[in-house]
2 protein chains.
Amino acid sequence: MEKNYFIGIDLGGTKINGILMDSRCNILSKYMIYTKASKGEKAVLNRIMLVIDNLINYSKKNIKDIKCIGIGAPGPLNRKTGIILNTPNLPFKNFNIIETIKKIYNIPVVLDNDANVAVLGEYIFGSGKGYKNLIYITVSTGVGAGAIINGKIYRGSTSNALEIGHMTIMPKGPKCNCGNYGCLEALASGTSMEKLANKLVKKKHINTSLKKYNNITTYEIFNEAKNGDIISNEIIDSALEFLGIGISNIITIFNPEAVIIGGGITNIGDRLFDIVKREVKKRCFENLYNNCSIIPSKLGKDSGAIGAATLALMES
Amino acid sequence: MEKNYFIGIDLGGTKINGILMDSRCNILSKYMIYTKASKGEKAVLNRIMLVIDNLINYSKKNIKDIKCIGIGAPGPLNRKTGIILNTPNLPFKNFNIIETIKKIYNIPVVLDNDANVAVLGEYIFGSGKGYKNLIYITVSTGVGAGAIINGKIYRGSTSNALEIGHMTIMPKGPKCNCGNYGCLEALASGTSMEKLANKLVKKKHINTSLKKYNNITTYEIFNEAKNGDIISNEIIDSALEFLGIGISNIITIFNPEAVIIGGGITNIGDRLFDIVKREVKKRCFENLYNNCSIIPSKLGKDSGAIGAATLALMES
């Protein structure tokens, strides 16, 4: 019997999301659990195995039906050797995830950066279908991106390309977690909105319903914005304008056919795309703006897991 | 007899620079004249022909020895059809330069964007030799760039990629000639330095030897800087810092093996590279900075002409 099934694992700092699919992206099973990164290397490895085992059981398959397992993980990592180098949000330090999983299941395993697998998934099965040059941007806690150039993932010389969250768009702007000032991520991410909100509520002259919370996360900001709070809405609009500036830079540099936006921020919906497109139109050459679609991710929360399975499909 | 010679024409708004070379980049003759763009389409075409004829005569060759002519021109252009679309600094409007030159000389002609041919020249014969992913940045009146990605020129979906001069690096910064605010070109080009100088000399409280000139160009700024004028030096340093920010963004996005800097600004020498590298080190991830050489163009003023001849060599 031919092995025609693929497992994709999106290994995040908060959640592990897995899918099992056939070669046409028909999904037979899905399974998501918390990573529990603080419990350490062995515990997280066990949770990855739990995801793999459950995916196989739920789809009534056998490990022998699986041709390859793909894993998407936050960088830095070495995709060739399979080593996760030193990711802040995971307990793996110089840990060879490919060799480890391969030994357990005795089938091929492939690894890549989480944004790279996501852009691949969107390119083959999602919003990026039919385009040759496209950028996938994910905005949640941070800002990440992946690129398809001439039909292939572009990784750069040390596999760290597309760190667009750390492009400077305001040289004397707020400090970023990376140490630099005025990075896109410090102006247009979940983290940046939370920081700004927690700073603003301390100011006496500012009137906002956010003041009733002790610790403000994006959840409270979005809720109060819906309830009509002006400051919450301004925090969101400011982040979206900066995101628009970042995307206009990406379009100016890559002249892509499409920019796909994914991540938690897409929950904002139309308003996100309205503000981003307005900013891009204002800042980009007409020819670049007119020839680039700015669209939502089709695979949504599963773009990483489907992308990882797509990588497994393509590299096996 | 085999045709083994190539002509490269760098068609600029100010000068037309031509070279005739063999397939190993041995240059047999060079010829440069003013474009005299204001004299119109026919006059400029005649001047291009004068360059081609002189290159052939000076190298004691015959038109039959030339295998192909390459032309690099400022965009926007359609390299496939050979049409120069609507370049502000040239009199050609929707003019088919390939067909025209081909008819006159009866040999193949190829065309590309000026920054694309320059990066190709540096990649094959200049500072970019041996690298697979590299960016060439030229800073003179404006800021332009070209990219080699996985060993090939990257052009984007409508051949307008790498317009890095129009990436926003200060959202509320000075207005750029393109209409946007805070573009790299509005902060780190010959034009931006001249604008800033002409603004500063009007301020009563500012003390600078630039005040003795009626109209200040980069020539006066560099001269007065050499003579120790503090304001002139600050204008230059500020432009170089912004250039460093632009280059750190490019490195963050492309993760290239090398960034090659060309154009008039390289006359500044070591100080340019010191300031740019300092800024890049401050703003880029260590892994990106440590793995990217920031180096001067080897082909210098001839990068465009040699690059155009290289294009002729590669596409014929």
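Colleague: How many salt bridges are there between chain A and chain B?

Modeller: This is a predicted model, in which local features need pLDDT of at least 70, side-chain atom pairs count only at pLDDT 80 or more, and totals for chains, interfaces and linings use all residues. Side-chain values use heavy atoms, with hydrogens and water left out, residues are numbered from 1 along each chain as its sequence is written, and chains are lettered from A and ligands numbered from 1 in the order in which they are written. A salt bridge is a side-chain nitrogen of Lys or Arg within 4 Å of a carboxyl oxygen of Asp or Glu. Between chain A and chain B the count is zero.

Colleague: Which helix supplies the largest share of the side of chain A that touches chain B?

Modeller: Helices are DSSP runs of H or I with at least four residues, and strands are runs of E with at least two, numbered from the N terminus. In chain A, α6 (230-254), α7 (270-283) and α8 (286-290) each supply at least two residues of the side that touches chain B. The largest share of that side, seven residues, comes from α6(A).

Colleague: How many residue pairs are in polar contact across the interface of chain A and chain B?

Modeller: A polar contact is a pair of N or O atoms within 3.5 Å; within protein, one must be able to donate a hydrogen and the other to accept it, and residues adjacent in sequence count only if both atoms are side-chain atoms. With both residues at pLDDT 80 or more, the rule finds 28 residue pairs.

Colleague: Are α3(B) and α9(B) roughly parallel or roughly perpendicular to each other?

Modeller: Axes are lines fitted to C-alpha atoms, for helices over the stretch in contact, and angles run from 0 to 180 degrees between N-to-C directions. The axes of α3 (residues 114-125) and α9 (residues 303-314) of chain B come within 7 Å and cross at roughly 75°. Angles under 35 degrees count as roughly parallel, over 145 as roughly antiparallel, 65 to 115 as roughly perpendicular and the rest as oblique. The two helices, α3(B) and α9(B), are therefore roughly perpendicular.

Colleague: In which loop is P76(A) found?

Modeller: A cis peptide bond, with omega about 0°, joins G75(A) and P76(A). P76(A) lies in the loop of chain A between β4 (66-73) and β5 (77-78).

Colleague: Which residue other than glycine has a phi near 60°?

Modeller: The residue sits in the loop between β11 (152-153) and α4 (190-200) of chain B. The positive phi, near 60°, belongs to S159(B).
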